[in-house]
Amino acid sequence: MDTFKRLILFFLFGVISSCKPESQRASPGIALSFDDRFVQEWERLRPVLKKYDAHATFYVTQFDSLGPEEVEILRQLQADGHEIGAHGATHARSVDYVWQHSMEAYFTNEIEAELKPMQKAGLKVSTFAHPGGQQVWFIDKQLLQKYFVLLRDVALTERDLKLFMLHRPVFGMNEIYYHFDGTPTVSALLIDRSANVPMNALRDGLIRARNTQTVLMLFGHCPIFDKNSPQPYGFEVSRLDSMLAESKKLGLRTYTMSELVKLSRR
Ligand SMILES: [Zn+2]
């Protein structure tokens, strides 16, 4: 990052964050989450997460399709201090499902059908990631009243507006920084290969989190251990490693998604 950008970051966020006394601030950090059902690959992430004493949230979909060994891995991840969250029984998009069926059918077939067996397996599920990133207030209101303390949506740095591609800088995306204000609906930035987020842009985001005493929320899907793998639906583990190293250098800690709400100032 050049000096000019550093100056802008400092004036935009450094000065604002300095308005509050130190004692009232929560520690800045990052909140990582991983989606879908890449349970065996997630298990292979344990050493790198342990190396940095990092805790993450794993959002599981199609829980009933997992074998007993995979359920055991999820229990092990939970025992390591990670959080296991829900991501829908069939990975249905909430608005589409409610439009085609009903609110009741959505809660019964998509939410409770996953939540109950997960709880029965000993998993303490208290947050939910919307498949396809579909948050709408009238569904979210009931999800929060009945089942969860936090709902996570998706944020992207690139958006195809047909006529041109809109690019947003990571340090300027307000919705991906958590302010410990108790907000129960949040967005995390996709860091999969397909999202094209450069490492230096992520670094700018980490600096904003540190300067504003906030938490940068990021998520991905399948961890990729071999750089030559053609898997487009995931992120390279070497990159996650560098990002965690950079976070540590900046004094950032890691949070699970439910911790963000629990540790908020009321
Ligand atoms: Zn998903």
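Helices (DSSP runs of H or I, at least four residues) and strands (DSSP runs of E, at least two) are numbered here from the N terminus. Residues are numbered from 1 along each chain as its sequence is written. The model is predicted: local features need pLDDT of at least 70, side-chain atom pairs count only at pLDDT 80 or more, and totals for chains, interfaces and linings use all residues.

**Confidence**

Begin by colouring the protein chain by pLDDT, the predictor's confidence in each residue from 0 to 100. The chain averages 90, and 90% of the residues score at least 70. Next select residues 9-24, where the pLDDT is below 50. Beyond near neighbours in sequence, this stretch has 16 contacts in the model, a contact being a pair of residues whose C-beta atoms, placed from the backbone, lie within 7 Å.

**Strand β10**

Select residues 215-220, strand β10. Six of its six residues are buried, so β10 is largely enclosed by the rest of the structure. A residue is buried if 20 or more other C-beta atoms lie within 10 Å of its own, exposed if 12 or fewer, and partly exposed in between, with C-beta atoms placed from the backbone. Display the side chains: V215, M217 and F219 point one way from the strand, while L216, L218 and G220 point the other way.

- β1 (residues 29-36) runs parallel to β10 and is joined to it by six bridges; L32 has L218 as its bridge partner.
- β8 (177-178) runs antiparallel to β10, with two bridges; the partner of Y177 is L216.
- β9 pairs with β10 in the parallel sense over two bridges; L190 stands opposite F219, and L189 has L218 as its bridge partner.

Move to residues 185-190, strand β9, of which five of six residues are buried. Strand β5 (residues 150-155) pairs with β9 in the parallel sense over five bridges, and D153 stands opposite S187.

Select L189 next. Which residues touch the most other members of the largest nonpolar core? They are L189, V215 and M217, in a core of 64 residues. Such a core is a set of buried Ala, Val, Leu, Ile, Met, Phe, Trp, Tyr and Cys residues joined through C-beta atoms within 7 Å. β10 gives the most to this core, with five residues. Not counting residues up to four places away in sequence, L189 touches A155, T157, V170, M173, I176, V197, M217 and L218.

**Helix α8**

Select residues 199-212, helix α8, which with β9 and β10 makes a right-handed β-α-β unit. In a right-handed crossover, with the strands pointing away from the viewer, the path from the first strand over the helix to the second runs clockwise. The 14 residues of α8 should span 20 Å at 1.5 Å a residue, and the end C-alpha atoms are 20 Å apart, which agrees; the expected span is 1.5 Å times one less than the number of residues. The buried residues of α8 include L202, G205, L206 and R208.

**Final stop: G172**

Select G172, in the loop between β7 (165-167) and β8. Is G172 buried or partly exposed? It counts as partly exposed because it has 14 C-beta neighbours inside 10 Å.

Definitions and conventions:
Pairing = 2+ DSSP bridges. Contact = placed C-beta atoms within 7 Å.
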